[in-house]
Amino acid sequence: MSRPASYDDGHPPVNDAVTLFDLFFDLPHPAASTMNERARMIEPPEIHNPAMLAEMYEPSNISRIARFAFPCHDDQEYAANLTFMSAMKDATGDDHGGEGILNRFDFYLQEFSSTQHTFALQLSDGFTRLHGHVLRYLPPRRDAKARSDVGRRGARAMVILTRATGGDRFFTAILRTVESVMTEGDGISAPDDWEDRSQDRARSFLHELHRRHSLLIQEKNSQLRLNGAASLTNDDTILSIPGVEYGCGQGFGRNRRRDPNRLDGILPGDFLKYQLPRSLQAGFYVGGMPEDIDSPILPILRCLGSQNTMRLLSGMLCERRIIFVSKSITRLSACSRAASAMLAQGLLSWQFIHIPVLPPHLLKYLAAETPYVVGLLERYIIDVEHVP
């Protein structure tokens, strides 16, 4: 455990480097059928770290992100299943494993449950840390683009990568909005280029959100330099963007001929408003406070109760090895972040391994002698006995 750095003058310095997000991914399930196989990426409108983007675009890192986005997927189990399907094909001559054939990773809407969770990546430079916010969703089928309730298809995961700490609920709200923009934007008669148009709408929305946040930070930082922290109000922590009007098919492109301050496809006076986390507010100082200080503690109290929560806190203060086990990805992520948030209330930070939802290919980390806090899906608990 450690405490954050203190300020020499007692006040945080103005931070101009804060940015809303660093990269957005829309990834298919690694084992789903090839019907929705294409990965999509959206860069921010202003690139502050080209080297970081170059590293994240490497195929090995995209695969790494996909594993964290789908921690319920086991590469070894899937490889064994492919071997079995190939043997069946050779024995029977029936191509059940051919391209485009549905498998058990394709779902009907009634069978699918959307989940959200978080993870963190350490880049090769040794000090840049990216936080991933994941929302799994079920896209429409290509042959029924405007009907989300028709047919089986593979799940996808939207991932926002950001250097900003905390803000789980903020980024989940953004991802929910992006899902709506991508899947409900064209009404009943979707065109043949539906996938490209949906990505264009998502890009326009994210870029507009990024632009408005940058303008807000520049304006408020100027106030901070002139008048100090007393000049900021609660309204300065709200990020507003003109709201979405589904079915207009025009997305968020700006129409300079009509009104340079309005977005296409909106209702006048209708706004989306997001409460900014501290790490994205004007004047935030990186390292000034623990990253999970704004994460809610309530999830762990609901799951464990007050007595067991106190035992957990004691174990973390003693720097023990702690494993959360659950069937739910969302619950695992929320509880592991809540455990870190308990320490943050005392301005303490967990400095050891912390993986909210452990993918099966990283089970070897459970044999580490150093303290850790990890979340493990219940289906993999039997494999813990075989960890060397």
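## Cavities in the model

Let's start inside: this structure holds 7 cavities of 30 Å³ or more. Keep in mind as you look around that the model is predicted.

Take the second largest cavity, which has about 70 Å³ of space. Which residues line it? You'll find T118, F119, A120, R129, H131, E291, R337, H354 and P356 around it. That lining splits into 3 nonpolar, 3 polar and 3 charged residues.

## Strands along the lining

Two strands, β4 (116–122) and β5 (129–137), each supply at least two residues of the lining of the second largest cavity. Which one gives the most to this lining? That's β4, with 3 residues.

## A strand tucked away

Now hop over to strand β1, residues 23–28. Why can we call β1 largely enclosed by the rest of the structure? Because 6 of its 6 residues are buried, and buried here means under 20% relative accessible area.

## Who pairs with β1?

Strand β1 has partners to check out, too. With β7 (residues 156–162), β1 runs antiparallel, and 6 bridges join the two. If you want a spot to look for, P28 has R156 as its bridge partner in β7.

β2 (residues 40–42) is also joined to β1, this time by 3 bridges, and the two strands run antiparallel. Here you can look for D26, whose bridge partner in β2 is R40.

Conventions
Residues are numbered from 1 along each chain as its sequence is written. This is a predicted model: local features need pLDDT of at least 70, side-chain atom pairs count only at pLDDT 80 or more; totals for chains, interfaces and linings use all residues. Side-chain values use heavy atoms; hydrogens and water are left out. Buried means under 20% relative accessible area, exposed over 50%, partly exposed in between (1.4 Å probe, protein chains only). Helices (H or I, at least four residues) and strands (E, at least two) are DSSP runs, numbered from the N terminus. Two strands pair if DSSP finds at least two bridges between them. On a 1 Å grid over the protein atoms alone, a cavity is a set of points where a 1.4 Å probe fits but cannot get out, and a pocket is an open set with protein on both sides within 12 Å along at least five of seven lines; lining residues have an atom within 4 Å of a point. Grid points are joined across faces, edges and corners, and a volume is the space filled by probe spheres set on the points. Ala, Val, Leu, Ile, Met, Phe, Trp, Tyr, Cys and Pro count as nonpolar, Asp, Glu, Lys and Arg as charged, and the others, Gly among them, as polar.
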